[in-house]
Amino acid sequence: MRFSDTMLGTVLLFLGAAIAVYARTLPAVPGQQYGAAAFPTLIGLAMVACALVLFAKGWQQGRVALVTRTEWTRQPGALLAVFVTVLCVIAYIFLARPVGFVPVSFAILLVLFRLLSVSWGKAIFFAVAATLVTDYVFRSLLLVPLPFGVMPRLPW
Amino acid sequence: MDAILQAFGLVFTWQVLTTVTAAALFGLLVGAVPGLTATMATALLVPLTFFMDPIPAVGAMVTCAAMAIFAGDIPGALLRMPGTPASAAYTNEAYAMTRKGEAETALGACVLFSAIGGLFGTIVLIFAAPALAEFALNFSSQEYFWMAMLGLTCATFIGAASPVKGMVSLLIGLLVATVGLKNASGVPRFTFGSTDLMAGIDFIPAMIGLFAVSEVMRTMAAGAPSWDNVQVRVGNIFRDWGGMLTRYWRQQIRGNVTGTAIGILPGAGADVAAYVSYAVSRRFSRTPEKYGTGHVEGIVEATSSNNASLSSAWVPALVFGIPGDTITAIVIGVLYVKGLNPGPTLFLFNPQTIYAVFLIFILANLLMIPLGWMVIKLARGLLRTPRSILMPIILVFCIVGAFASNNAAYGIVIMLVFGLLGFFMEENDIPIAPCILGIVIGPILEHNFITTMIKSDGSLLTFVNRPIAAVLAVALALIWVSVIYTTFRGRRAGST
Amino acid sequence: MIARTVLALGVALAAAAGTIPHAAAQYPDRPLTLIVPWGAGGGTDATARIIGAGLERELGQPVSVVNRTGGSGVVGHSAIAEAEPDGYTIGIATVEIGMMHWQGLTELTYANYTPLALMNEDAAGVQVLADSEYDTLESLLEAIAGSPAGTFRASGTGQGGIWHLAIAGLLNDRGIDPASVPWVPSDGAASGLQDLMAGGVNLVPVSLVEARGLIEAGRVKSLGLMGPERADLFPDVPTLSEAIGSDWQIGAWRGIVGPQDLPEDVATRLMDALEAVYNSEDYQNFMAAQGYGVRWARGDEFGTFMEQADASLGETMEAVGLAQ
C-alpha cells in the first residue's frame, strides 16, 4: 500500500493537529514557562509543516491516485501471508498466558511453515525442535519467565 | 612496575581465565538474542558474582558486556534484527551486505573493529581517566542539550531519498519518545489511562518491530524465496582484515575517538555513539552514495565507536563512582560489594587491582577476535538454512525477545504495532533510521531543555552563557552552515 | 537427548490432558518469580537479586528476579498486585507505593498487598559540594531562608520523587516555603549528583549510599541525615535532630510483598524464609559493603509501617503541594 504525497500530507496534518490540541490539555508545571506540553506541541507543529511541504510536492506531481497498491500485493497469497503473520502474533498475545508458550509457539510455527509450503514432516519436526530449544534457552539459560499456561515445567 | 607484575599474577590464573571465557560465551549468547541487552546480560551475572573473588567477578561482567555489544551485530547482519540497540545504527547496512553475499566480510569487520574500538577506549581509560572524568563532570543540562542537538543533526546525514520523509520519520520517533510518565514534569502523556502506556514505549520491542518483524512480513509475502546471492567465502581472513585496516584507518580512528568521547559523558551510551559515528562517517565519506547499499565503510566506524564508548563509560565510574551507563551502574554495585570502592583511592591504594581490571579489559577485547570468528563460521550454517524454515522461527524469536524486554505481553503489542508501522514506512520510502534516532535522543533533548529552563526561569540566554555550552552551540551552528552551504552548492552544480 | 525430549513431550501431553494434578502437597513445589518495579543497575534491583539468591537457598526452589519497569514504578507495583495470590509471584515494593496514589497516578496503595518483610531503609541526606561555604545544615537553611526564591536549586530524582519530597518536607518543617528551592527533575541520583558537580544545582538530598562515591572522593559533603540515627556508612554525618533539633524523618525503604489475600500458611513460610535471609551473613555483608541500611519488620508490623509511611507521606505531599 503506497500513499501519494497528498495522502501522506493529509494523514500528517490531522496527526500533527491532534497532537498539538492534545498537548494543550497537559498540565503546566507551576511557575514554569515550559512544561510537559512544550515538546508535543513542537512535534505537532513540525508535523503540520511537513504536511504542507508534502502538499506542495503533491501539487507539483499533478494528479496521482491517493493510494496505490504496491506490486507485491498482486502476487497470489502475498496479502494472505502478511495477514496470517499478523494474526499469529495477535494469537500469541492473547493465548500465551492461558495456554502456555510451548503449545502456542508450536501452533504458530506449524501454521507459518505450512503457509510457506514446507512439507508436513519437516514442518512438525522443526516446529517441535524450535519450540523446545527456545523454551530451554530462554527459560533456563536466560531466566525469562515464559508463560507456562496449562503446561507443566519441562525437565530443565 | 611491581604493581603491574602483581596484576598479571592476579589475572593469569585458571580460575580467572575460565570464568572470563565462560562469561564471554554467555555474553555472546545474550547479545545475539534480540530483546536481551548487554545490561540484562550483566544483571543476570550479579547473583553469580556474590560467590566469586573480586577479580574474576569484575572480569566476568566486563567481558560479558563487551561481548554482548559485539554480538548484537550478528543477528543484525544476518537477519536484520539488531541484537542490542547499539547495533541498530548499521543494521540495514550490514544486512544489505549479507544480501549481496558479503556476510563474512561484514561480520569480520564487526569483530575486528569492535575489538580495536574496545582496546582504544581501554587505553584512554588507563592513561587519562582522572583528567577526563574531571572534564565530564563539567557537563550540566545546557551542555547535554547541545550534545543532543548535535546528535539529532546526525539524522540529516544518515541520508534519505527525500529529506521531508526523513524529517517525518524523525518526528515519529520523537513523538514515540514522549509517550508515558518519564518526562521532566512527571505528567502522564498520551497514556489514555493505561498503566502499560505509562511506562512509555520501550525502545527494544519497537526496534525489533521496525527492523525484524517488518522484514519477516515482507519475506512471508514473497513466499520466503531463497537468497538472491550465494555467500562469498572469505579465503584468508587476515588479508581481508589487513585490507580494511589500511583502507579505513581514518574512519576507524574517528569512530574510536567519537565513541570514547560519548562514552565518557554519563547518560549517553553505546547506541548514541554508533548513530553519531555512522552519520559522521557518511558525511565525510568520498562515496556517500554507497551508504545503505551494503558498504562496509560506515560499519567500520560505527562498530568501532560503540565498543569504544563501552570501555570509556568506565572513566567516570571508576574515578567518581558515577555510572556512565546502566552496565557500569551494575558493576559499580559489585565493586562496592567486593571492597573495590570506586574513587581516586582505587587508583592510589590498590594499583595492582586496578591494573588487573585494566588487563581484563584488554583480554576481553582480544578474546572477541577468536570467539567472534568462530561465531561467524557457525553463522554460515544459518544462512544456508532455507528461508521458509528460518522466517517463522525468527518470528517466534522476535515474540520471545519483545516479551523478555520487560517480561510482559505489552512488549509484543509494541513489537507488532511497530512491525506494521515499519512495513508501512518502507512501502512509502520513509527511512527507519531517523525514527530510531528520535526515540533514542528525544528524551535526552527534552529533559535537558526543560531542566535548563527550570534552572534559568525560562531565560533562553542560559543555553550559551557557560563556556562549554557556548562552544558546542557554535559547533552546531557551523555544522548547519556547512550543511546548508553544501546543499546549496550541490543544487547549483546540479542545475548547470 | 532424544529419549529426554520424548519423555518431555509425553509429560507435556499428559499434563495437557489433565492427568497430572497441578497442586502438590508442599509449598513451594515450583519456581518463584520476584518482580522488581525498577530497572537493572539500580539499588532496588541489586537488593532484590541478593534477596532472591537467599530465598532460593531457603525455599529450595529457583527464584527468578523479573524487572517490570516504567511509569515511575507504577507498572511493576501493579504487576505484583495483580499476580495470582498463590505465593509463586511476589515482589519488592518501594517507598513509591505510598506516594503514587496521592499524585493520582494509580489507585494502588499498600492495602493491595500482603506485607511480608521490610528489608531495608535508607534515610535522605543533604549533600552539597565539598568546597561549599556552608559547613552546617543550620547555616545552609538560614541562607535559604534569607535569599530570594530560586537562589538554591535541588535535584536527585524525578518531579515528586522521594528525594524531592525529602527536601520539600524539611523546608516545610522549618517554616520555609518549599517553593523557594525549585526542584530540577533528574533521571536519578547519579545524574543529580553530576549536575551538582557541574554547577547546575546547589544541593542534592539523596541517600548517603547514592552519594557515596563522590563523598569518598572528597568532592561532596553531607550536612545532615533525615533518619532516626546516624548511618554506619558515614557515622560523622549528624541526624537532623542533632544538627537542627528537627524531628523530620524520611527515607526510601524496600520490602517484600505478595498480592493481597496470600494464604496464611504460604505467607508464614515466606516470612520465615525472608527472616532467615535477612539474618544471613550474606545479606548483612552485602548490604554493609554496598552501604545500604538494613531494617527489619515482619508481616503485620511491616503493614503498620507502610500504613504510617503512607499517611505521613500524604500529609507532606499535601503540605508542599505535590498531591493531586
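Me: Leaving aside neighbours within four places in sequence, which residues is Thr157(C) in contact with?
Reply: The model is predicted, so contacts here are computed from predicted positions. Thr157(C) is found in the loop between β6 (154-155) and α5 (162-173) of chain C. Beyond four places in sequence, its partners are Ile162(C), Trp163(C), His164(C), Ser186(C), Gly188(C), Ala189(C) and Gly192(C).

Me: Is Thr157(C) buried or exposed?
Reply: Count the C-beta atoms around it. A residue needs 20 or more within 10 Å to be called buried. Thr157(C) has 27 C-beta neighbours inside 10 Å, so it counts as buried.

Me: How far apart in space are Thr157(C) and Pro185(C), C-alpha to C-alpha?
Reply: In sequence, 28 residues separate Thr157(C) and Pro185(C). In space, their C-alpha atoms are apart by 5.8 Å.

Me: Into which domains is chain C divided, and what is the distance between their C-alpha centres?
Reply: Domain 1 of chain C takes in 31-121 + 251-320. Domain 2 of chain C covers 125-244. Their C-alpha centres lie apart by 26 Å.

Me: Which element gives the most to the side of domain 1 of chain C that touches domain 2 of chain C?
Reply: The contact takes 17 residues from domain 1 of chain C and 17 residues from domain 2 of chain C. On the domain 1 side, the elements of chain C that give two or more residues are β9 (251-259), α10 (281-290) and α11 (299-320). By class, that side has nine nonpolar, seven polar and one charged residues. The most, five residues, comes from α11(C).

Me: Which strands are the edges of the open six-stranded sheet in chain C?
Reply: The strand order is β2-β1-β3-β9-β4-β10 in chain C, and the pairing is mixed. The twist averages 20° from one strand to the next. An edge strand pairs on one side only, and in chain C that holds for β2 (63-67) and β10 (294-298).

Me: At about what angle does helix α9 of chain C run to β4(C)?
Reply: Helix α9 (residues 264-279) of chain C lies across β3, β4 (113-123), β9 and β10 of chain C. Against β4(C), the angle is about 20°.

Me: How many residues of strand β8 of chain C are buried?
Reply: Strand β5 (residues 125-129) of chain C pairs with β8(C) in the antiparallel sense over five bridges. Val128(C) stands opposite Lys221(C) in β8(C). Strand β8 (residues 220-225) of chain C is mostly covered, and its buried residues number six of six.

Me: Which element of chain B gives the largest share of the side that touches chain C?
Reply: Here 46 residues of chain B are in contact with 46 residues of chain C. The chain B elements that give two or more residues are α3 (38-49), α10 (195-198), α17 (326-337), α18 (344-349) and α22 (433-456). By class, the chain B side has 23 nonpolar, 20 polar and three charged residues. The largest share, six residues, comes from α17(B).

Me: Where is the place of Pro28(C), and what is omega for the cis peptide bond that joins Tyr27(C) and Pro28(C)?
Reply: Most peptide bonds are trans. Pro28(C) sits in the loop between α1 (2-16) and β1 (32-36) of chain C. The bond from Tyr27(C) to Pro28(C) is cis, with omega of about -10°.

Me: What is phi of Phe190(B)?
Reply: Most residues other than glycine have a negative phi. Phe190(B) lies in the loop between α9 (163-178) and α10 of chain B. With 18 C-beta neighbours inside 10 Å, Phe190(B) counts as partly exposed. Its phi is positive, although it is not a glycine, at about 50°.

Me: Which element of chain A has the highest mean pLDDT?
Reply: Over chain A the mean pLDDT is 89, and 97% of its residues reach 70 or more. Strand β2 (residues 67-68) of chain A has the lowest mean among its elements, 84. The highest, 95, belongs to helix α4 (residues 101-115) of chain A.

Technical notes:
Residues are numbered from 1 along each chain as its sequence is written. Chains are lettered from A and ligands numbered from 1 in the order in which they are written. This is a predicted model: local features need pLDDT of at least 70, side-chain atom pairs count only at pLDDT 80 or more; totals for chains, interfaces and linings use all residues. Domain bounds come from an automatic or database domain assignment. Two residues are in contact if their C-beta atoms, placed from the backbone, lie within 7 Å. Helices (H or I, at least four residues) and strands (E, at least two) are DSSP runs, numbered from the N terminus. Ala, Val, Leu, Ile, Met, Phe, Trp, Tyr, Cys and Pro count as nonpolar, Asp, Glu, Lys and Arg as charged, and the others, Gly among them, as polar. pLDDT is the predictor's confidence in each residue, from 0 to 100. A residue is buried if 20 or more other C-beta atoms lie within 10 Å of its own, exposed if 12 or fewer, and partly exposed in between; C-beta atoms are placed from the backbone. Two strands pair if DSSP finds at least two bridges between them. Axes are lines fitted to C-alpha atoms, for helices over the stretch in contact, and angles run from 0 to 180 degrees between N-to-C directions.
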